[in-house]
Amino acid sequence: MASLSLHFSSATPFVPRATPLNLRTRTQKPFSIRSQSAPVLSQDDLKSLAADKAVESVKSGMVLGLGTGSTAAFVVDKLGQLLSTGQLSNIVGIPTSKRTQEQAASLNIPLSTLDLHPHIDLAIDGADEVDPNLDLVKGRGGALLREKMVEAASSSFIVVADDSKLVSGLGGSGLAMPVEVVQFCWKYNLVRLQGLFKELGCEAKLRVAGDGSERPYVTDNGNYIVDLYFKNPIKDGFAAGKEISAMEGVVEHGLFLGMATSVIIAGKTGVEVMTK
């Protein structure tokens, strides 16, 4: 039987091709996905969110306590908008400061006084500190006396704030806790107030006007303010408030205890309503 043999010429060696001649390889660009982060909300954005939520509780025909301060100003603006569009009607505002009175009047919000409306349906105001019991420090805007009078006369008191105002204990922010005092012998009371909280590392300072001068700040009621700065939080707010109020020449203090019915806190994750 004949044998079959294969011969390859050494002149034309066999070289296998991995890729057909008519197929071109293409280089692909790397594929990437760029994530878009959520917009960062400013402190004013958070205050506005809290104010919008609070105003949802306002009904036509109410007598309202109008607070003072940067957050309360958003509430007053919102009320003016709702009145101008007819979404609210027949409300009466009781302002807690000359500044709020001017703002509300510019928005055509009807205004009155506690003398004519001793019962207030709802007060909405900001706060400088909020503790877990919903007790507050207020008055860094200088309107603590009128704020406390109006809010104490209200059936409901809603506090609006951003999450930077939350503290574990009052005085814990290290910022001012105001005490309104008569002008007469104010330094005498400043020294007494500082001594009252000596164990808390308290420093007492007379508030100045903030216009570059050293003139004392004067409240709408013609009084001075002594600001107390604590290194450690106040242990017993009710006891502290009682001791401050017992001092001759003290008009009012910035501890608002057991007054808030709810607190609306706006933070990076949304709006939270805190109730007792």
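This is a predicted model: local features need pLDDT of at least 70, side-chain atom pairs count only at pLDDT 80 or more; totals for chains, interfaces and linings use all residues.
Which residues of the largest nonpolar core touch the most other members? The legends below take up this and other close-up views.

Overview. Residues are numbered from 1 along each chain as its sequence is written, and side-chain values use heavy atoms, with hydrogens and water left out. The protein chain has six helices and 13 strands; helices (H or I, at least four residues) and strands (E, at least two) are DSSP runs numbered from the N terminus. Of its 276 residues, 42% count as buried. Buried means under 20% relative accessible area, exposed means over 50%, and partly exposed lies in between (1.4 Å probe, protein chains only). Among contacts (heavy atoms within 4.5 Å) between residues at least 6 apart in sequence, 75% join residues at least 24 apart.

**View 1. The largest nonpolar core has 24 residues.** A nonpolar core is a set of buried Ala, Val, Leu, Ile, Met, Phe, Trp, Tyr and Cys residues joined through side-chain atoms within 4.5 Å. The members that touch the most others are Val58, Leu64, Val75, Leu79, Leu122, Ile124 and Val160. At least two residues of this core come from each of α1 (43-55), β1 (63-66), α2 (70-84), β3 (120-125), β6 (154-162) and β12 (262-267). Another core, of 23 residues, lies apart from it and includes Leu206, Leu228, Met247 and Val250. In soluble globular proteins, nonpolar side chains tend to be buried together.

**View 2. Val58 has several contacts in the chain.** Leaving aside residues up to four places away in sequence, Val58 touches Leu64, Leu79, Leu88, Leu122 and Ile124.

**View 3. Strand β6 pairs with β3 and with β12.** Two strands pair if DSSP finds at least two bridges between them. β3 and β6 pair in the parallel sense over five bridges, and Ile120 stands opposite Ser154 in β6. β6 and β12 also run parallel, joined by five bridges; here Val159 stands opposite Val263 in β12. Seven of the nine residues of β6 are buried.

**View 4. Trp186 and Tyr224 form one of two aromatic pairs.** Rings of Phe, Tyr and Trp (its six-membered ring) pair if their centres lie within 6.5 Å; planes under 30 degrees apart count as stacked, over 60 as edge-to-face and the rest as tilted. The centres of these rings are 6.4 Å apart and the planes are at 70 degrees, so the pair is edge-to-face. Trp186 is in helix α5 (residues 186-196) and Tyr224 in strand β9 (residues 224-229), so the pair ties together parts that are 38 residues apart in sequence. Trp186 is partly exposed at 23% relative accessible area, whereas Tyr224 is buried at 12%.

**View 5. Phe197 and Phe230 form an edge-to-face pair.** Their ring centres are 5.3 Å apart, with planes at 80 degrees. Phe197 is in the loop between α5 and β8 (203-206), and Phe230 is in the loop between β9 and α6 (237-245). Phe197 is buried, with a relative accessible area of 3%, and Phe230 is buried at 4%.

**View 6. Lys138 lies over the face of Phe256, and Arg207 over that of Tyr217.** A charge sits over a ring if NZ of Lys or CZ of Arg is within 6 Å of the ring centre and within 35 degrees of the ring normal. Lys138 is at 5.4 Å from the ring centre of Phe256. For Arg207 and Tyr217 the distance is 5.6 Å.
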